[in-house]
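Good morning, and thank you for coming. I would like to take you through one model, and I ask that you keep the sequence and the structure in view as I speak.

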Amino acid sequence: MPAVQETIDRVRKIDVDQYKYGFQTEIEMDKAPKGLSEEIIRFISAKKGEPDWMLEWRLGAYRRWLTLEEPTWARVHYPKIDFQDIHYYAAPKSTPGPKSLSEVDPELLKVYEKLGIPLKEQEILAGVQKTEESELEEANDNVYKSGRVAVDAVFDSVSVVTTFKKELAEAGVIFCSISEAIREHPELVQKYLGSVVPTSDNFYATLNSAVFTDGSFVFVPKGVRCPMELSTYFRINEKNTGQFERTLIIAEEGAYVSYLEGCTAPQRDENQLHAAVVELIALDDAEIKYSTVQNWYPGDAEGKGGIYNFVTKRGDCRGDRSKISWTQVETGSAITWKYPSCILRGDDSSGEFYSIAVSNGYQQVDSGTKMIHLGKNTSSRIISKGIAAGYSQNTYRGQVSAHRKATNARNFTNCDSLLIGDQCGAHTVPYMEAKNATAQFEHEATTSKISEDQKFYVMQRGIPEEEAIALIVNGFVKDVIQQLPMEFAVEAQKLIGISLEGSVG
Amino acid sequence: MNMHAQPQRTLAETALIDAFGERLSLLPGDGAVMVKRDDAIEAIKHGLPTRRVESWHYTDLRRLLTSVPAFETDGIAKALDPVLDSSAVLPVLNGVSNSKLPEIDGVTVQRLSEKLTDGSVAPGLDRYGADDAIGALNTAFVADGYFVDIADGTQLEKPIELQNLQSGGQAHVRLLTRVGAGAKAIIVERQAGEGSDALISSVSQLVLDEGAEVTWLIVQEQPDTATHLAQFKAHIGKDAKLTLFIMNAGGKLVRQEVVVRTTGEGADFKLRGINLLAGDTHTDTTMVLDHAVPHTTSTEVMRNVVTGKARGVFQGRINVHQYAQKTNAKMACNTLLLSDDGEFSTKPELEIFADDVVCGHGATVTEIDHDHLFYLMARGINEKTARGLLVKAFVAEVIEELDDEALVEALEARLDGWFLTHG
């Protein structure tokens, strides 16, 4: 049957051994020796030119980490990680602030080219300092302007460059690497860093607190609507390195920011560790929208290699009427273990979580969210779509809890799973904890193939089977795709659309 | 999911281990049974489960089990009138079965103490997992109960009521039932008592052969001083149907586990449960359902009412095995949280390894719908009465689904009784 064949071909295109971003680049790197010790932490801190309080903070976290045990409750299996066999710091050697494209390390340029970033953006990414004229030109070009995204490119352990800094600064927005923020805006970093995910939070967050090397810092002051989308592009390149980035986003009263995150890594036989921490803080009436398209190398068809993606992401709706929204499209990583969460502390605050997790090959996903209702009249919404194929295991794990004082807390959770083939597994583990009589929680979950009735309904309107299936499956994930900013929606659709259509053949 | 080794034993753990040493010579069992008992007490020596053990996350037994009463030698429990008129009653009073066994056509009844002594029930004493603390406690101490065998093709006209009644102290009881091919029965498991502190572990094991049909009712009305740790385990064979109805309306610390496995194609399982929680009870209903073969179905509906300082838990896990294609499983858990000091936690889990299945679960926690309340009050019904009506309707819905009229009436009467004292 040609339809079936087409379906198979489509699935194959996105299968794990078709990973497009698996190339590696020979770039001269500056690396710390393997292993983890106080010396290494001092080395990282010195490399970054950090103040003493930062070093103390890291060392405090490291000492705490030594007392912690690796958690084992998630539904993922992997050999024990040797934390002494990892480089905790790796940065490309390059001259600071190249003036033109020709001065930027050509290998670095090739990376961006291969990652499919358009030439103009490439120029931006490579950190070329623009002349006055070219900036003027850009200002006149409205079409171009509306589609602009400021990018922070993180290559292994360091942020290579951050674009559009000047224009953002005019609006009062600070967008830079976290290392720069520690140097330039220590008062802000000291006030907010670790206030959502404390150094003692969990095994990997504590490790991250000790050794984080870079990441993004965003500060949107009172009443400012960030004039463009902000974005970070993470790339792991070097062998045997771990990437430990730290992102801190603060939206002051009435501010708004939309932030995108993308990631890729080369194809390697060894597993690499990525343990990031993301902290979001929204004050009164502020809104933060955080979108992720996660496409780390998932390992090969036999399950060899791939990234261990153990991430702690948490948003704190600290102010009244604040809002934090997480959207994630998870297609990569050998193991994904992350739960972007919202602490709904402010009265009338709201949290959202939209997720599509596609697993194939031998991937293992244990992902979901936590919505902790503390303030009055808080609301949260969780939409999660899991798609498991091949030999993969796809778990949704989520917690919704209402504190005693969280009167009128509202939650709606919907998690659906699609299974492709009989060797994979889909699991749903929601935790609901209500300690308040006025709380109203609803949870629904389904797992199924496409129903014959739905298919029949569409087909009897003259739509061929193949298209009918495509329509229904796209409808399956539409809720989440709609939440992504335009730039990412296209990429996300490309990443998952094909696999979904294949799933029902 | 392993029980972690605990550095220091709690008072309750020490009391259990000491009690085992003292009771050992009195416990019935041949060599095989005694080996199982030793294994079980070893598990307890590793510590009772804490919230770090996933299946005990909301019921930290190590922390909640603060004291273990001694074994009473002169209990005063007396058999109760059965829930359903005309039932044949098999009472276990203070952990001891009745030596006078009733004669029922097609049914063989034996005292469990005899089956333990001859070792014929030893294989069934295994725990179902490393986290099976109730199984461990019961296997270590079980002294009596009943073994009921309903012969193939028997259509029981009168229900059987198994009563486990306790007047303080400890009791560890097992109720084993086999329902033969094509047989049909209604069985009531009554868990109640009176008086001071009690620790009860009760394990019911049920096997349904091909085409058997059973309605099993668990009516738990322990006094608010009792710790009640219960387990219901069933295997449902080919084309067999099991309807399990649980009513929890008492006890201080209650954990009712339901462990069910479909073992033959066409097997059907229905769970209907109501938890009526008042005072400062901690009541946990935990279900693990394995769809182990293709073409089996299940539906579960739980309705919970939480008042006072009560804490309620429902955990329901549906496992669909890799070759269990065409499984159809649905689970719903609805809770009315009526007081600010009450708590309810739910964890409805799906673990699915087969692709051609339809599985779903839904869970809600709410207060009484204001529109419904308004609707009734607009008709001149005062608020208290209106609330009472709505709460009762919320739970009665589950009862009314049972297709046996006498059963529905009997359960509604118990429901009314509860509302009279707690409403």
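Predicted model: local features only at pLDDT ≥ 70, side-chain atom pairs only at ≥ 80, totals over all residues.

B:Asp239 sits in the loop that lies between β10 (226-236) and β11 of chain B. Its phi is positive, about 55°, although the residue is not a glycine. Most residues other than glycine have a negative phi. Is B:Asp239 buried or exposed? Because B:Asp239 has 20 C-beta neighbours inside 10 Å, it counts as buried.

B:Asn94 is buried, since 23 other C-beta atoms lie within 10 Å.

I turn now to the domains of chain B. The assignment divides the chain into domain 1, residues 75-367, and domain 2, residues 370-423. Taken over C-alpha atoms, the centres of domain 1 and domain 2 of chain B are 25 Å apart. To the contact between them, domain 1 of chain B gives 16 residues and domain 2 of chain B gives 14 residues. On the domain 1 side, β9 (213-221), β11 (241-248), β13 (268-277) and β15 (297-306) of chain B each supply at least two residues.

Next, the interface between the chains. Here 32 residues of chain B are in contact with 30 residues of chain A. On the chain B side, the elements giving two or more residues are β18 (343-352) and β19 (358-366) of chain B. Which of them gives the most? That is β18(B), with ten residues. The chain B side as a whole comprises 13 nonpolar, ten polar and nine charged residues.

Strand β23 of chain A, residues 425-434, is joined to β18(B) by six bridges, and the two run antiparallel. In this pairing, A:Ala426 stands opposite B:Ile352 of β18(B).

Chain A itself has 14 helices and 24 strands. Of its 505 residues, 55% are buried. Among contacts in chain A with a separation of 6 or more, 83% are between residues 24 or more positions apart. An unreviewed UniProt entry lists residues 165-226 of chain A as "domain: SUF system FeS cluster assembly SufBD N-terminal". Over residues 165-226, chain A is 47% helix and 15% strand, and the end C-alpha atoms lie 12 Å apart.

Finally, consider helix α2 of chain A, residues 38-47, where A:Ile41, A:Ile44 and A:Ser45 are buried. Viewed down the axis of α2(A), the buried residues fall within an arc of 95°, so they line one face of the helix. An α-helix has 3.6 residues a turn, so residues three or four places apart point the same way. Among the elements covering the buried residues of α2(A) are α3 (52-66) and α11 (203-211) of chain A. The face turned away from that buried side carries the exposed residues A:Glu39 and A:Ala46. After α2(A) comes A:Gly49, which has a positive phi near 60°.

Definitions and conventions:
Residues numbered from 1 in each chain as written. Chains lettered and ligands numbered in written order. Contact = placed C-beta atoms within 7 Å. Helix = DSSP H or I, 4+ residues; strand = E, 2+ residues; numbered from the N terminus. Nonpolar A, V, L, I, M, F, W, Y, C, P; charged D, E, K, R; others polar. Pairing = 2+ DSSP bridges. UniProt positions renumbered as here; feature names shortened; annotations may be inferred. Domains from an automatic or database assignment. Buried ≥ 20, exposed ≤ 12 C-beta atoms within 10 Å, placed from the backbone. Arc of directions from axis to C-beta.
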